[in-house]
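This briefing covers aromatic contacts in one protein model. Please have the sequence and the structure open while reading.

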Amino acid sequence: MILNHPKLYLFKNNSGKSFIYSGYTGFILEDSPRIQNHLENIEFDEEVDRYLLGESGEDPFLESLLPTKPFVDTILFFVTNQCNLACSYCYERANNVHNLKKLDIKTFKTTVLYFIENFEHQNVINIGFFGGEPLLNFPLIKESIKVLKEISSTRNIIFHYCITTNGTLLNDEIIDFLISHNVNIGISIDGTETLHDLHRKFLDGRGSYRVIIENVAKLAKYCNITAQITITDYKIDLIELYQELENNGFSAIKTECVVSPKFKNSSDDLQCFSENLQLFADYFISNLRKKRIIKYIDLLGVLKNLHFGSSRFLPCNTGFNKYSVATDGSIYFCQRFMNLPEFKWGNAIKELDLKKREQFLKRHIVTMRGLGRCKDCWAQRVCGGTCYHASYVETGITERISELYCGFRKVIYEK
């Protein structure tokens, strides 16, 4: 940190050149005598002050970001509550979501039209199919896309589709359908075979890794597949993991840390992850010099934010322009809070409780998170605060911060 500015972060690149990252504005500047003269109060420089400190004396006020008529960009549908796996850290089982309920096409269509007619939106809306394991209700997915094409033809709206699946049920019919309708595919896979099978088992106790890899091999010939990885072991070799998944047909990886009372990670574990991530960052840069991009979405996302100047006030878009819909049509701000009544915001019949939404977002501005701890954090503008669900699991309160998640994400921002 620099002088009396806890949110200015001084760092060097691999060539030893110094840079300053500003947690006040989200900008990165190359260090220079001019900047140092300003920071040491030798000579006030208005331009430097604007880039480094911005309006640092004022907390961002979210009302300007909350239009009277809310905006929708993404709608995530639980098409079924059933799942054919029993993952060790499943938040849905913790919330008692798993049951035989399935989404029906009438509820799906009613909800889509509700959002279109009552929310601001651009001419592209993203529709996500989620679960449970969504492919257990594949007929509904097919029917849903047919309905969306009908709506698209009359409403001048383009729908983009994505699915998050465990990848075990992919067959020729499903693969053909997903490819022909340009469905973006994310497959949950948690590491190398031994680690994955330890945590993501079939209901009869068998590991699921081999089945997934065989299915990915069929699918990868025709489209890109993102590996959505939950890190359960902080000692994991990220380079080895990336190379193994790439060799097996995955085109990109995205990581989250496991957040469950069953998993306890120490500061030593986090330090190990930090060291492994540094090795991965070096691997990332060495490949970039060869004009090859390593598609680790977390790193690429942070680089993009830093390049343009990041000014996030919330940890993600859930509840802001992204909403999750349960099998019964109930609307939640986030899919991880399904079946928890206090986080239900309404439905397409009784309408969304917009006051509840507004109050929730205002309470979670990053400068107010963690009893004020986030306010002076250098990573505030690139982070936006810790994941709501991680905070809830760890502390019981979404406004607090998750120490585990904070440490995990901050290591990524640092690297």
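**Aromatic contacts**

The charged end of Arg206 sits over the ring of Phe202, at 4.4 Å from the ring centre (for such a contact, NZ of Lys or CZ of Arg is within 6 Å of the ring centre and within 35 degrees of the ring normal). The model is predicted: local features need pLDDT of at least 70, side-chain atom pairs count only at pLDDT 80 or more, and totals for chains, interfaces and linings use all residues. Residues are numbered from 1 along each chain as its sequence is written, and side-chain values use heavy atoms, with hydrogens and water left out.

**Ring pairs**

- Rings of Phe, Tyr and Trp (its six-membered ring) pair if their centres lie within 6.5 Å; planes under 30 degrees apart count as stacked, over 60 as edge-to-face and the rest as tilted.
- By this rule there are 29 aromatic pairs.
- Phe333 and Phe343 make a tilted pair, with 5.9 Å centre to centre and 55° between the planes.
- Phe333 and Phe343 both lie in the loop between β13 (330-332) and β14 (344-347), so their pair ties together parts 10 residues apart in sequence (strands are DSSP runs of E, at least two residues; helices are runs of H or I, at least four; both are numbered from the N terminus).
- Phe333 also pairs edge-to-face with Tyr388, at 5.5 Å centre to centre and 75° between the planes.
- This second pair links distant parts of the chain, 55 residues apart, since Tyr388 is in helix α14 (residues 388-395).

**Burial and cluster**

- Phe333 is buried at 0% relative accessibility (buried means under 20% relative accessible area, exposed over 50%, partly exposed in between, with a 1.4 Å probe and protein chains only).
- Phe343 is buried at 9%, and Tyr388 is buried as well.
- One aromatic cluster is formed by Phe333, Phe337, Phe343, Trp345, Phe360, Tyr388 and Tyr392.
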